[in-house]
Amino acid sequence: MVYRYKTKGTCAAFIDIDMDGDVVRDVVFYGGCHGNLQAIPRLVKGMTYQEVKDKLEGIRCGYKPTSCPDQLVKGIEEAMAAFASASSES
């Protein structure tokens, strides 16, 4: 299932996150630094949420308190909560 996360405090505006349980299947960033935003999805594909969190949470972009990798962690957390909520309603 794909979840669209609206980022906060980064150049990227949105992240589409495709999850299979707690495993990242695919990630697409919209906006931001083109090279980095191609690399991040390739690196996290197939990783679990915890693996992504352990590697990327808290990364900052210059003077900003967050970054695209940090926002990806927040997006995955939000996606997993939304998927769990949708599953419990079924």
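**Reading the sheet and its helices**

Tutor: Helix 3 lies across strand 1, strand 2 and strand 3, and runs at about 130 degrees to strand 1. Axes here are lines fitted to C-alpha atoms, for helices over the stretch in contact, and angles run from 0 to 180 degrees between N-to-C directions. Contact means heavy atoms within 4.5 Å. Helices (H or I, at least four residues) and strands (E, at least two) are DSSP runs, numbered from the N terminus.

Student: On what basis are these values given?

Tutor: This is a predicted model, in which local features need pLDDT of at least 70 and side-chain atom pairs count only at pLDDT 80 or more, while totals for chains, interfaces and linings use all residues. Residues are numbered from 1 along each chain as its sequence is written, and side-chain values use heavy atoms, with hydrogens and water left out.

Student: What is the order of the strands in the open sheet?

Tutor: Strands of a sheet pair through backbone hydrogen bonds, either parallel or antiparallel. Here the open sheet of 3 strands has the order 1-2-3, with antiparallel pairing; two strands pair if DSSP finds at least two bridges between them. Strand 1 (2-6) and strand 3 are the edge strands, each pairing on one side only. On average, neighbouring strands of this sheet are turned by 20 degrees against each other, direction ignored.

Student: How many bridges join strand 1 to strand 2?

Tutor: Strand 1 and strand 2 (residues 14-20) are joined by 5 bridges, and strand 2 pairs with strand 3 over 7 bridges. Within strand 2, Asp16 stands opposite Arg4 and also opposite Val28 in strand 3, while Phe14 stands opposite Lys6. The hairpin of strand 2 and strand 3 has 2 residues between the strands, and Gly21 takes a positive phi near 70 degrees there.

Student: Over the faces of which rings does Arg4 lie?

Tutor: A charge sits over a ring if NZ of Lys or CZ of Arg is within 6 Å of the ring centre and within 35 degrees of the ring normal. Arg4 lies over the face of Phe14, at 5.1 Å from the ring centre, and over the face of Tyr30, at 4.9 Å.

Student: How many aromatic pairs does a search of the whole structure find?

Tutor: A pair of aromatic rings is described by the distance of the centres and the angle of the planes. Rings of Phe, Tyr and Trp (its six-membered ring) pair if their centres lie within 6.5 Å; planes under 30 degrees apart count as stacked, over 60 as edge-to-face and the rest as tilted. The search finds 1 aromatic pair. Tyr3 and Phe83 form an edge-to-face pair, 6.2 Å centre to centre with 90 degrees between the planes. Tyr3 lies in strand 1 and Phe83 in helix 3, so the pair ties together parts that are 80 residues apart in sequence. Both Tyr3 and Phe83 are buried, where buried means under 20% relative accessible area, exposed over 50% and partly exposed in between (1.4 Å probe, protein chains only).

Student: Which residues of helix 2 are buried?

Tutor: In helix 2 (residues 49-56), Tyr49, Val52 and Leu56 are buried. They cover an arc of only 65 degrees around the axis, which puts them on the same side of helix 2; the arc is that of the directions from the helix axis to the C-beta atoms. Asp54 and Lys55, on the other side of helix 2, are exposed. The cover over the buried residues includes strand 3 (23-30), helix 1 (34-44) and helix 3 (68-89).
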